[in-house]
Amino acid sequence: MSLYIPKKYRATLMPEMMEQAIKQIKDSFQTMLAEELDLRRVTAPLFVRSGTGINDDLNGTERAVRFAVPALGGADVEIVHSLAKWKRIQLGAYGIPAGFGLYTDMNAVRADEELDNIHSIYVDQWDWERTIRAEDRNLEFLKGIVRRIYSVIRSQERRVYETYRHITPVLPEEIVFVQSEELLREFPHRTPAERETEAARRYGAIFVIGIGGRLSDGKKHDGRAPDYDDWTTPTPGGYCGLNGDIVVWNPVLERAYEISSMGIRVDREALLRQLDLEGCPERAGLEFHRALLEERIPLSVGGGIGQSRLCMFLLRCAHIGEVQASLWPDQMKTECMKYGIFLK
């Protein structure tokens, strides 16, 4: 069990007020995000058929929760990890043109998650996807999208302050863009998480670019499946990757804190390249991958924004269990209760 107890922690809101604040944040944030990125809301599936390649493989090692459905002839289905690929299919199904997109409330189960202050086996996030043109597949376009999302996060922080005056804003006006390779060069003897913490402490909010590929030390900053984000396309300065994470400094946990993972999605060339690098070229024969290789799926940019993660940060909570109902080890619940951290 990994658990951090902040010194002199005190919840900012009573439980009944916390529930009201969570609803206010979730209602207003998704509206603001949709307006900023020109997104329409769609209904999302909780499970998809196994063996289609549609489910998100995350780091490639996590097990999906799977079960057979008699009404489908005994076919196996699996609860989604995220909707990274499903959303892209829907862009094509709805015929959504470049510059517009969709978002959905995504609920997932990640059975292999290691539980701590910010990780749960239950995941809730706003999954969004936006159709783009071929000429939009570049780092400057991605940065523009990141700035727009960050502006919504900052606006939401201000709205929380206007309602609860004791929860003061901490986010800087601008988000700083850093390459994962730059972090390695500056902090060569630190872990990726430690590098992010140093950068987040310095700048307040960062977007770490290029996650999934191997860095100059032969290791990855973090894992990414080969078939949704593009982490191999060359970019200016001799770097690679058209994806990244929005990471902020969390003053309660005193560490880097990821709120969103996003990126420009693979095109035909990037998909084949990344499948080869990850040693799984056979995936090219799966339903989703065939459609992408045959260019029956539009080019896109997309990502996920953690709903509980965002609420936890904005309400200055010490544990994600304060803002979502899930399952926690008895030892963790008991230890948290000693310090006034009540897990749902």
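1. Start with one residue pair. F207 stands opposite I246 of strand β11. The model is a predicted one.

2. β8 and β11 are among the eight strands of an open sheet, ordered β1-β5-β6-β13-β12-β11-β8-β7. Its pairing is mixed. The edges are β1 (39-41) and β7 (176-179). Each has a single partner strand, so one side of each is left without a neighbour in the sheet. From one strand to the next, the twist averages 30°.

3. There is also an open sheet of three strands. The order is β2-β4-β3, and the pairing is antiparallel. β2 (47-49) and β3 (66-69) are the edge strands, each pairing on one side only. Neighbouring strands here are turned by 35° against each other on average, direction ignored.

4. Three bridges link β2 to strand β4 (residues 75-79), in the antiparallel sense. R49 has V77 of β4 as its bridge partner.

5. Helix α3 (residues 139-163) passes a length test. Its 25 residues, at 1.5 Å each, should span 36 Å. The end C-alpha atoms are 37 Å apart, which agrees. The N-terminal end of α3 is capped by N138. A side-chain oxygen of N138 lies 3.2 Å from the backbone nitrogen of E140.

6. What does α3 lie across? The helix lies across β6 (122-131), β7, β8, β11, β12 (255-264) and β13 (300-306). It runs at about 130° to β12. β6, β7, β8, β11, β12 and β13 are all in the order of the eight-stranded sheet.

7. α3 also packs against a helix. Helix α1 (residues 15-37) meets α3 at an angle of about 150°, and their axes are 10 Å apart. Angles over 145 degrees count as roughly antiparallel. α1 and α3 are therefore roughly antiparallel to each other. The crossing of α1 past α3 is right-handed. On the α1 side, the contact is made by Q24, I25, S28, F29, M32, L33, E36 and L37. On the α3 side, the residues are I145, R148, I149, S151, V152, I153, S155, Q156, R159, V160 and T163.

8. α1 has a further helix contact. It packs with helix α8 (residues 307-314) at an angle of about 120°, with the axes 10 Å apart. α1 and α8 are therefore oblique to each other. This crossing, too, is right-handed. The α1 residues involved are I22, I25, K26 and F29. α8 contributes Q307, L310, C311 and L314.

9. Two backbone angles are worth a look. Most residues other than glycine have a negative phi. E254 has a positive phi, near 55°. E254 sits in the loop between β11 and β12. E295 has a positive phi as well, near 55°. The place of E295 is the loop between α7 (287-293) and β13.

Methods: Residues numbered from 1 in each chain as written. Predicted model: local features only at pLDDT ≥ 70, side-chain atom pairs only at ≥ 80, totals over all residues. Heavy atoms only, no water. Pairing = 2+ DSSP bridges. Helix = DSSP H or I, 4+ residues; strand = E, 2+ residues; numbered from the N terminus. Axes fitted to C-alpha atoms, helices over the stretch in contact; angles between N-to-C directions. Expected span 1.5 Å × (residues − 1). Polar contact = N/O pair within 3.5 Å; in protein donor to acceptor, adjacent residues only side chain to side chain. Parallel < 35°, antiparallel > 145°, perpendicular 65-115°, else oblique. Left-handed = near helix turned anticlockwise from the far one by under 90°. Contact = heavy atoms within 4.5 Å.
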